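Here are my notes on the model you sent. Please read them with the structure open.

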Amino acid sequence: MGMTITEKILAAHAGKNSVECGEIIEAKLDLCLANDITAPLSLEEFDKVGAKKVFDPERVVFVLDHFTPNKDIPSAENCKKIREFSKRYGISHVYDGGACGIEHALLPEEGLVVPGDVVIGADSHTCTYGALGAFSTGVGSTDLTYGMVTGKNWFKVPESIKFYCSGIWQKWVTGKDLILHIIGLIGVDGALYASMEYDGEAISKLSMDSRFAIANMAIEAGAKNGIFKVDEKTLSYIKDRGKRPFTIFESDSDAHYREVYEVDVGKLDLKVACPSLPSNVKDAKDLSDIRIDQAVIGSCTNGRIEDLAMAADILKNKQVASDVRCIIIPATPKIYLEAMRRGYLETFMKAGCIISPPTCGPCLGGHMGILAKGEKAIATTNRNFVGRMGHPESEVYLSGPAVAAASAIKGFIIHPSEVV
Amino acid sequence: MKLKGRVWKFGNNIDTDVIIPARYLSSTDPKVLGEHCMEPLDPSFPQKVKEGDIIIGGFNFGCGSSREHAPIAILALGIPLVIAKSFARIFYRNAFNKGLALLEADIFDEIEQGEEISVDISTGVIKWGSREVKAKPIPPFMVELINEGGLINHLRKKLEEGNDKI
């Protein structure tokens, strides 16, 4: 029996020729990541075990992106601890201050993850790097400590579910709409413990930015990882960025899948996940009279240049509704600069948007855009749980950048065809 | 290990944002985290809950973020065990790593809020009233890890033994 790409990567990192679903393996790690809210717990555990060093200072990455620029004294203290720890143990990949970007947009951009890697991160959206043909998954702070010290961790080899996607993409429809559609189809635990693998000609046509958005939300279906085949687009993305040599793995034609779904993307229109689960998915055109107080365009899901381009295209020479705060968050400094060069920032400012520094901020209700009681937001982020962006009685609707930008102009959730 | 306690019922898809909202994650202090546990669903939960009480959930308990603050907040209230129909995978690992026991059993619909139950963690037998249900066995690998005192103890032992192969 053949193996899937996920099984092959895990087998190679466990020093085995083959692995089976459900098998527990110990795998070598290529990279360990933590951020300013998960690293502090991890460093406490590091002290408790009495470790003297990290397994490889080049393969430990800290990104201070969640509560930065620091929102209060405790979050500033946490960042200070991470900086001190990094100095003490020679960790140079610390993204802080003007180098800070949203971790899952930043690491691929910096070439820190390459195809065939096994990556763990103390952040659930670590699954984003599957877009590069790597196995990457979120863990807690204690598992991260174990990885940082030993360079290894244990994994249960997941079953795989294949999503075979064909058809022609419609205007404005992106990877975000596809992943929302899939989560709506299988539910928030539809891929619990499993690997979500994407294939088909519609996937080959997708940009890397859209692939990152799809892999990013694997966790919203309960999955362990989301993963894509390495193709010319992946290689061209990695070419000038990749910091390490890499191996390309590919699923065998006779690999075993728990389920195979076929999706015709030509039938997909723009999607919105309504409160309070990412699986509560509807077509944007079927929603009416949902007034919004805030629109957020950014995050590790949709804060990349393609997302900002789509938002700028819709907001050009238009005005954000007077009772809406539209917050634009370029995900990394490089994306910010590129948006500036292309004139998007001017478009956004003239339209009345707020431009935020790269931060996770409002997505998790941390800072920089918190909702009051009864307020509603449309956001290109990834979670719409109760109270996710602020008050427990506030609500978040999830969409791609086109619906968010159009809704910011109208003041209620709307399909962009009504605006442009 | 045998436990006895009152149950607190929370439904399906209880996510880590409601277990402990992100605005409190600047702290790693269990006491602070415990004070805000389940706040979006029931702000008075930390005051009402007693040491030894047990949480019962539906499907996909602990979904969402990887924050280990979630099992820490639950443990800080003296809750030693969560029984649910299923658990999200990162929460599952985190709970065992922190010493919060989890059992998978389909009892949510049959049990009343506040009812007293007794649980034998090692056999997975759950008893209340005249009822008795056996939970899904904990995977042998997890049992081994628990017997070693969790992942961090396992690591500490290895480091003390000077086993750098780990």
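1. Burial. A residue counts as buried if 20 or more other C-beta atoms lie within 10 Å of its own, as exposed if 12 or fewer do, and as partly exposed in between; C-beta atoms are placed from the backbone. By that rule, buried residues make up 62% of the 420 residues in chain A.

2. Ground rules. This is a predicted model: local features need pLDDT of at least 70, side-chain atom pairs count only at pLDDT 80 or more, and totals for chains, interfaces and linings use all residues. Residues are numbered from 1 along each chain as its sequence is written, while chains are lettered from A and ligands numbered from 1 in the order in which they are written.

3. Overall form of chain A. The C-alpha atoms fill a box of roughly 60 × 50 × 40 Å along the principal axes. Chain A has 14 helices and 18 strands. These are DSSP runs, numbered from the N terminus: helices are H or I with at least four residues, strands E with at least two.

4. Two domains. Chain A is split into domain 1 (5-263) and domain 2 (272-418). The bounds come from an automatic or database domain assignment. Their centres, taken over C-alpha atoms, are 24 Å apart.

5. The domain contact. How many residues of domain 1 of chain A are in contact with domain 2 of chain A? There are 35, and they meet 33 residues of domain 2 of chain A. Contact means C-beta atoms, placed from the backbone, within 7 Å. On the domain 1 side, α4 (103-109), α6 (175-186) and α8 (208-216) of chain A each give two or more residues. α6(A) gives the most, with six residues.

6. The open sheet. Seven strands of chain A run in the order β13-β12-β18-β17-β14-β15-β16, with mixed pairing. Strands pair if DSSP finds at least two bridges between them. The edge strands are β13 (281-283) and β16 (354-355) of chain A. β15 (residues 325-328) of chain A runs parallel to β16(A), joined by two bridges. A:Ile327 stands opposite A:Ile354 in β16(A).

7. A helix in chain B. Is α5 (residues 89-98) of chain B enclosed or open? It is largely enclosed by the rest of the structure, because 10 of its 10 residues are buried. Among them are B:Phe91, B:Tyr92 and B:Lys98. Just after α5(B), B:Gly99 takes a positive phi of about 95°.

Key
Two residues are in contact if their C-beta atoms, placed from the backbone, lie within 7 Å.
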